[in-house]
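User: I am new to reading helix packing. Can you take me through a case?

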Amino acid sequence: MVAADFGVMALILATFSMHVVMFGIEVILSLVVLGLLIYNRKTGDENALKVAYDYMLYISMTYASAHFFLTATTVFTLTFYPTFLILTGQALFYPLLWIFVALLFRLALIAWLYYGWFDFDATKRLVFSILFSLAGVVWIYLYMTLLAFMNTPDGLVSTDPMVIDNVRLFLNPTILPLLLTVVFGAGAVTLFILVFIYTGKLKKEENEFYSKLNVIYLKVGYYLFLLFIPSLLAYIFSLRTHSEHKFKNMVGWVFAQDAPTVDFGWMFFIILLLVVVALAVTSILVFKYAKEGLDLNDKVQYYMLMILGPVSAIIFEMVFLLNLISQNPYLIVAPELAADVPAIVTTTAVNDIANVTDVTSLAIFAMTPLFLAFLSLMYFIFSGRAHAKEDPNFKSAAQL
Amino acid sequence: MLRAFSEFGITVHWIILQYSIGIWTIAVTLEILARVKKQENYLKMARSLSKVAIIIFAVGAATGTMAEFGLLLFWPGFLELVGIFFFAPLYIEVFAFFAEVIFVYLYHYTWKKVGPKFHIFLGVMAVGGLILSGLMIVSANTLMSFPPGIQETYNPTTGEYQSPSYIYTAPNGTEIPLNSTQIQNMIESDPEQYNELLEATVMKEGVIGIVFKTPGAITSFMHAIVAAILTSIFTLIGVYAHRIKRVKEEKKEYYRDGMKILVILGIIYSTIQGIIGHFMADEVARFNPEKLAAMEGTCTVCGIITISDIPILGPITEATVKFLAYGSIDAFFPSYMDIPEEYRPPLIIHYIYYTKIGMMMSLFASLLLIAYFLFYKKQDTPEWVRKGMLGYPVSIQVVSIFGWMTREIGRKPWTIFGVLTVEDAARDGPVSTGIIILLTVYILVISFGLWFIVWFLNRLSSDELLDEIEEEDMKIADTEKSDKSIEEENT
């Protein structure tokens, strides 16, 4: 892989994995909102309703960000692998079509729920929220058909002319473990990020409801994390059967004797280490501290709660990076197919014109400050400053 | 049918994007003016505009994805060519879009939470992102009308017409002139050779530089951006004219101030647009004579009535256009019949183009009339003028869409002028179930987009908007009061 190729791949991988993480968080948040609405209906606790509304802002922000990263991925792929994009666009017509439908359906529901929140009665809100969450889960499933197709193009009968068996496309053997990995992983990450947010808030001011939520999120997140680990292993081992090339690259020296192209065993090993650390931290928090009630004045507990969100997000992001990068040198892992049409499905077939230093360096120079600004925006929104009171030093136009 | 839907989807996207660019630009301009002129109403206006326009992003993103999806599925030939050779505008647009998303949200959520100068900085960054984004998308479209290597072939002194010609660069650096027929033959017989030529030509210009070096790039961009701003200005004037009649006297001042500043901005931008429009038409005359022939309807045997047939006005218009396009009233327009039949654009654009020009001139004249009442007579506009203003949101959209139609239909039968025909660019084959589903989705999204535009106009003119801002201010004041009393109690 030459330097520019590496830049190209890094760009596509970075935007695509950010997209997957953002949209995973967004879908899980919609399930959390549903949970809060059900809780409000059962107990009549108004706090749950207020918090659920706050989450709608987080949802709209993560939705917009996920959308941006999707557009970026599409454009970068069009730039560097135009033929591949056209081919997959034709081959995956139905999954793409339904993803598009689900995307628009969810957008309409976000708008309705967010803007109509105070106009709707409790039942209407609940119904919209159920539809919203369901569409999210279906959306994840549809998305997994794309990723699974890249693992092994099950259902692709021929490329010239394009013949697709759509049933097999939707029943790809790697879909189920991948789906479980994403749902449990995104679930744990989202809840741990919420723990991070509430720990920060509770440190500044006491709030009984937030304390209660913090403990619930920590515990549920912990169990989801426990489920995430076997799902991830099941996914990786499903690759051994259905996409051996990818499996060997992915686990490298840790589980396989040799890696066909690049040994990413080191990355896999780091992920395993981080998983062990996160598991240890959450186990101590859940079984030792949470039982007696979390004490944020205890520095050990405070820092443990604060690192959980970022560490789990890094694990999730790394898992997706590893999943994509292990394809190397294939965009669709199918060596027997690649032998016939290597220009379409290999990473080395980068568009010559685009594969120049100007293009990749432009991306790095433009993306770095923008990404920092993006992180500031996320911090601003998730820390609750978007709803905070105005700056007392602010002067109106007349006062100036 | 599929192409028509795809084009219609892009048009709906464009209608929404115009508001996105225009409203944010006006909001930031008003905020700057508010700070400079110490005008509280301008500040309120800027805030209410940002409050309404924030949702445009979501809808713009939906219709944008729809347009993207439509290109991928309906125009694979075109998209592949763009992806390989003309990717730079879309590529740079990604970064502009990112800046847009970040700074527009920051601008919206930081009202009264950061210092005024920093808030204006955020606004300027947001508008910068929006404008850069517009520049890139329009550049991609400009490359379709003025592909690399395009040459001036028409001689206005003699009226001699030649088919579109290009100078390509061979991989060894030699220049190779080719006309559109030769290009078509080469694509048919040896596509690899053509791709090599195009690649060398693009590389010579620079993959990124090509975005700015194409003839028409800067004028097309400025024309589109000013069109977006003008569309928003006229829409807002229409909305304010609607409101001023319905609100109580104490609130009328807000709308009066709004109308005054918008009329000034409208006159300035319309004048700028006229100047840019001239330069743009000049480039069409030089590089796209086929389009000019259709725009001027230069066909004596086609049985159409053109503007030149109108007594007095016709000859004056013709002479003026000749002078503006070629610097001489004795010049010749390209004859429509000289163009090979298969490459003639539809003559309908003659009517579309002149309707657009006529409507825009009327709108400009009406702005001057409003200015006369507001600034010279120092009174509200008479009722008949106010009623006329109510038609602005629709009229200005018609002008904008007709302008867009002239550009797009005028390029037909080419998708990329002289290089790729619509037939080669679009998908062919039977209509499958999937396509039918997709069309249904398209219709739903387009309907949603149209409904949104109506909702947006309603929201801009709703009583609740100003009340919401006042309510928010009161809440903030209450919180401050209670914070103060807690502090006092503590001390």
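User: Which residues of helix 11 of chain B meet helix 13 of chain B?
Analyst: This is a predicted model. In helix 11 of chain B, the residues are B:Ala294, B:Met295 and B:Glu296. Their partners in helix 13 of chain B are B:Ile349, B:His350 and B:Tyr353.

User: How do the residues of this contact between helix 11 and helix 13 of chain B divide into nonpolar, polar and charged?
Analyst: Four are nonpolar, one is polar and one is charged.

User: What describes two packed helices?
Analyst: Use the angle between their axes and the distance between the axes. Here, helix 11 (residues 289-296) of chain B packs on helix 13 of chain B at about 75°. Their axes are 6 Å apart. Angles of 65 to 115 degrees count as roughly perpendicular, so helix 11 of chain B is roughly perpendicular to helix 13 of chain B.

User: Which elements of chain B have the lowest and the highest mean pLDDT?
Analyst: Helix 13 (residues 348-376) of chain B has the highest, at 94. Helix 18 (residues 463-490) of chain B has the lowest, at 63. For chain B, the mean is 84, and 89% of residues reach 70 or more. For the complex, the predictor gives an ipTM of 0.75 and a pTM of 0.81.

User: How many helices and strands are in chain B?
Analyst: Chain B has 18 helices and four strands. Of its 491 residues, 46% count as buried.

User: What share of the contacts in chain B with a separation of 6 or more comes from residues 24 or more positions apart?
Analyst: Such residues account for 79% of those contacts.

Methods. Residues are numbered from 1 along each chain as its sequence is written. Chains are lettered from A and ligands numbered from 1 in the order in which they are written. This is a predicted model: local features need pLDDT of at least 70, side-chain atom pairs count only at pLDDT 80 or more; totals for chains, interfaces and linings use all residues. pLDDT is the predictor's confidence in each residue, from 0 to 100. Helices (H or I, at least four residues) and strands (E, at least two) are DSSP runs, numbered from the N terminus. A residue is buried if 20 or more other C-beta atoms lie within 10 Å of its own, exposed if 12 or fewer, and partly exposed in between; C-beta atoms are placed from the backbone. Two residues are in contact if their C-beta atoms, placed from the backbone, lie within 7 Å. Axes are lines fitted to C-alpha atoms, for helices over the stretch in contact, and angles run from 0 to 180 degrees between N-to-C directions. Angles under 35 degrees count as roughly parallel, over 145 as roughly antiparallel, 65 to 115 as roughly perpendicular and the rest as oblique. Ala, Val, Leu, Ile, Met, Phe, Trp, Tyr, Cys and Pro count as nonpolar, Asp, Glu, Lys and Arg as charged, and the others, Gly among them, as polar.
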